[in-house]
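Thanks for making time this morning.

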Amino acid sequence: MRQRKNHIVQVMFRAFRYRLSGFLLALMLFLSGVPANAASEHQDVDVYEIVFGHIEDAYEWHITEIGSTTLRIPLPVLVHDDAGWHCFLSSKLENGAVFEGLRIASDGSHAGKIVTRNNGTEEVLPLDISITKNVLALMINSIVLVWIMLRCASWYKKRKIQEAVPKGGIGAVEALTMMIYEDVIKAGVGENYRRFAPYLLTAFFFILVNNLMGLIPFFPGGANVTGNIAVTMVLALCTFLFTNIYGTRAYWKEIFWPEVPVWLKVPVPMMPFIEFFGIFTKPFALMIRLFANIMAGHAAVLSLVSIIFITVKAGAVINGSMTVVAVFFGIFMDLLEVLVAFIQAYIFTMLSAVFIGMAQVKPEAEKR
Amino acid sequence: MGLLIPSSGTLFWMIIIFGVVFFILAKYAFPVIIRIVDERKSYIDESLEAARQANEQLTQVKAESERLLMQAREEQAQILKEAVAARDRIIREAQARAQEEARKALTETRQQIVAEKESAINDIRRQVAMLSVDVAEKILRKDLTGEKEHVELIERLLDEMIRKPENV
């Protein structure tokens, strides 16, 4: 088992080395190009706008600005309001334009969302299933994930087990799969681990790929997907459903009639209430943990990069030294985020496995 | 606070996308990987078991051959011992027989010698008798004076003749 773990680390490190050099190159290009541009315009840098503009979802995919032109990918807007379905590209709504009675609210409680006028006065949210930046990133990342996994599966179909053992990327996928399967799922869920393995493995690789793609700073990657609460909510909801749908009778008994002194549950159902509340807090914690970790990671990296632009006004010496500091801290944070990407996927899977395993309890009599 | 409120559109798409990804991976990817790894594991286990058994068999065969070799050696020693014993016996018997034969031959020879001697003595006696007869004839032909002296002479001659070969 120890050797296998070492092997995983080696394989991942080898794979990571190449990506890292590419990533650093991209970062340097980015850093060398932008400050001159920002400094020449003598504008105040709105760090809040930079950071939250990235973290929050958007109706278009803003890539970069070259001179005065903005490079962006317009995305389809799908909205249903009183007038029926609207389907058009988000470029129609640029700069606060109104199209078919819809516009992107710039302030108020619906800031950043598409709003429509209800009866001419009140601004309300229509049913909005637009392909936003996060949705597109989710699709791209899912295609990447499915492609990786199916390639791995098809590799086996072409070969006999007696003949070949996978190396490189496929070997890494296999080693990761088996590590999660053996150490996390088997250990966490217990007896019925086979039934839950597909979901838990999917959750692990889904989170891992989305986390890692989020760290790539240019187009197909870079979206804050797993730092979006809707995404983590669906994942946590799946764990919630798997936990409670497959929960045994003993599990429900432990919630509504736990083995505690009677006065804790009879006149006032204190323990049952706490236990019942626990059903929801566990997946809620999963949702918040993943969301907060990834969101904070993106925010930290962007804030560190923003230091360079903030200190432009403070003169060349301070700006230069702070640039060096910011780049070093940025590299450090990015490396840390690679670690966090793996750790968060691992933790989500492990805790899901443990929660599902806890709902698979057997009655006390059967245990002995 | 917009960050903490899940947007319906993202939720909708996430459910669909995650559902599709889950379906594809749970049906076509993970079962294959897990099955292959399990199969490989059991293949390795089987190989190890087969190797162990082969090793065991080899040890058994070695022990068996060792045992056979020992047995052969023992048999060889036994055969050699028996051969030596047989040789000794044969030699002893041959010696005994040879002695017997020699003794028999000696006895026969002795008997023959005795017989020969007797026949020779008989022969001699016959010849002596004849000679004496001849001598007597010759004496008779000559003049037999003094009978007593003649008889004494004959007697003496005869005795001498008989005794002579025995002394020789």
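Before the first pair, a word on handedness: a crossing is called left-handed if the near helix is turned anticlockwise from the far one by less than a right angle, and right-handed if it is turned clockwise. Please keep in mind that this is a predicted model, in which local features need pLDDT of at least 70, side-chain atom pairs count only at pLDDT 80 or more, and totals for chains, interfaces and linings use all residues. Residues are numbered from 1 along each chain as its sequence is written, chains are lettered from A and ligands numbered from 1 in the order in which they are written, and side-chain values use heavy atoms, with hydrogens and water left out.

Helices here are DSSP runs of H or I with at least four residues, numbered from the N terminus, and their axes are lines fitted to C-alpha atoms over the stretch in contact, with angles running from 0 to 180 degrees between N-to-C directions. In chain A, the axes of H4(A) and H9(A) come within 8 Å and cross at roughly 35 degrees, and H4(A) passes H9(A) in a right-handed crossing. Taking contact as heavy atoms within 4.5 Å, the residues of H4(A) that meet H9(A) include A:Leu176, A:Met179 and A:Ile180, while those on the H9(A) side include A:Phe342 and A:Tyr346. By class, this contact has 12 nonpolar, three polar and no charged residues, where Ala, Val, Leu, Ile, Met, Phe, Trp, Tyr, Cys and Pro count as nonpolar, Asp, Glu, Lys and Arg as charged, and the others, Gly among them, as polar.

H9(A), residues 316-358, also packs with H6(A), residues 229-245, their axes coming within 9 Å and crossing at roughly 20 degrees. The two helices are therefore roughly parallel to each other, a label given to angles under 35 degrees, whereas those over 145 are roughly antiparallel, 65 to 115 roughly perpendicular and the rest oblique. Among the residues in this contact are A:Leu235 and A:Phe242 in H6(A) and A:Phe348 and A:Phe355 in H9(A), and the contact divides into six nonpolar, three polar and no charged residues.

Turning to the chains, 32 residues of chain B are in contact with 50 residues of chain A. Together they bury about 3,800 Å², 84% of it on carbon and sulfur atoms, buried area being the accessible area (1.4 Å probe) that two parts lose on being put together, summed over both.

Finally, a salt bridge is a side-chain nitrogen of Lys or Arg within 4 Å of a carboxyl oxygen of Asp or Glu, and the interface holds one. A salt bridge joins the side chains of A:Glu174 and B:Arg40, at 2.9 Å from N to O.
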